[in-house]
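Reader: I have the structure open on my screen. Can you walk me through it, a piece at a time?

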Amino acid sequence: MPAIREVRLKSRPSGLPVHDNFEVATVDLADPGPGEVQVKNLWMTVDPYMRGRMNDVKSYAPPFQLGKVMDGGAIGQVTASNDPAFNEGDLVQSGFGWREGFNASAKSLQKLDPRDLPPQAFLGVAGMPGLTAYAGLLRIAALKDGDVVFVSGAAGAVGSLVCQIAKAKGHKVIGSAGGSEKVAFLKEIGVDHAIDYKAEKDLTQALLAAAPDGIDVYFDNVGGDHLEAALNAAKLFSRFAICGMISIYNATEPQPGPRNLAMLIGKNIRMEGFIVSHHFDMMPKFIEDLSGWVRDGKVTWKETVFEGIEKAPDAFVGLFKGENLGKMLVKLA
């Protein structure tokens, strides 16, 4: 692998990122050093949280540096190894996405045993998005018998699994997504009421039509009007898991909060934000449960795939335009 291409952050975006914020550079890849492994990336992920890393602000993840290669989840294959734990041909998971290949310490890689799953599933349903859905619904929202569950961004990588976990556990599920194709997918995975928010004039009215007695759990991927509608429809002692607010990630000025936030008090609502990295202790149980659900036909997933490293910026921007059905991925090889 004498030369590889990588995507660098050329400039910090204002609002929705554009092509000029990225640049694709070609670099020579040296032989791996002592204790290092060389990897050819096969797949990389783009995720909404990466938008925050494009700003030069302190957050739970460090910002991307101008002129430097970006990073994120990736699945690759070992092409050379100077560590006895890895052999040529091994599949590995890493945080070295946005590039076609790399050298890294063996300690920074995780060997994969795909079993019955395709390797890229470990960037989606069996990876960080999957664990996000599992931890958010079961630990943060503390799902319990009889709960009515509302999920925004329900056709995405996280939201679609939240819906399926809740259905696998016997719950009524309401999902919101934009467009007829996504609504059809929600029905395909068993969602009881699929709301096309793009076709609704009053989201609260649509939600209450689906859940006349209210909702017990809200899994938030969107924020904005969806959070406001969930507050309106919430029952007493409902629980809100705040996973993401993609509706405001590209805002160029502060956005107004829900006008009805005071409902948290009267309805005794518990609303909690969370980051999946604080819940990695749940991964073994998650994989065990997921394997059973997949085997029993209770969980399926969709992928939207862009091909080639040069298409990674298009895939990333597409997240904020609603172009993904399920997990957004970039196939590199």
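Reader: What do E9, helix H4 and E10 make together?
Author: E9, H4 (residues 180-188) and E10 make a β-α-β unit, and the unit is right-handed. Right-handed means that, with the strands pointing away from the viewer, the path from the first strand over the helix to the second runs clockwise. Helices (H or I, at least four residues) and strands (E, at least two) are DSSP runs, numbered from the N terminus.

Reader: Before we go on, what kind of model is this?
Author: This is a predicted model, in which local features need pLDDT of at least 70 and side-chain atom pairs count only at pLDDT 80 or more, while totals for chains, interfaces and linings use all residues. Residues are numbered from 1 along each chain as its sequence is written, and side-chain values use heavy atoms, with hydrogens and water left out.

Reader: Back to E9. How many bridges join E9 to strand E10?
Author: Four, and E9 and E10 (residues 193-196) run parallel. Two strands pair if DSSP finds at least two bridges between them. Gly175 has Ala194 in E10 as its bridge partner.

Reader: And how do E8 and E9 run?
Author: E8 (residues 148-151) and E9 run parallel, joined by four bridges. Val149 is opposite Val173 in E9. From E8 the chain passes through helix H3 (residues 157-168) to reach E9, in a right-handed β-α-β crossover.

Reader: Is E9 mostly covered or mostly open?
Author: Mostly covered: in E9 (residues 172-177), five of the six residues are buried. Buried means under 20% relative accessible area, exposed over 50%, and partly exposed in between, with a 1.4 Å probe and protein chains only.

Reader: Changing topic. How many aromatic pairs are there in the whole structure?
Author: A search of the whole structure gives 10. Rings of Phe, Tyr and Trp (its six-membered ring) pair if their centres lie within 6.5 Å; planes under 30 degrees apart count as stacked, over 60 as edge-to-face and the rest as tilted. One of the pairs is Trp98 with Phe316, edge-to-face at 6.1 Å centre to centre, with 75 degrees between the planes.

Reader: Where do Trp98 and Phe316 lie?
Author: Trp98 is in the loop between strand E5 (91-94) and strand E6 (101-105), and Phe316 is in helix H9 (residues 312-320), so the pair ties together parts that are 218 residues apart in sequence. Both Trp98 and Phe316 are buried. Ring pairs also link Phe22, Trp98, Phe316 and Phe320 into a cluster.

Reader: What about Phe219 and Phe274?
Author: Phe219 and Phe274 form an edge-to-face pair, 6.1 Å centre to centre and 75 degrees between the planes. Phe219 is in strand E11 (residues 215-220) and Phe274 in the loop between strand E13 (270-273) and helix H8 (283-295), so this pair ties together parts that are 55 residues apart in sequence. Phe219 and Phe274 are buried.

Reader: Which element gives the most to the lining?
Author: H3, with four residues. Of the 16 lining residues, those closest to the cavity centre are Gly124, Val125, Trp301, Lys302 and Lys327.

Methods:
On a 1 Å grid over the protein atoms alone, a cavity is a set of points where a 1.4 Å probe fits but cannot get out, and a pocket is an open set with protein on both sides within 12 Å along at least five of seven lines; lining residues have an atom within 4 Å of a point.
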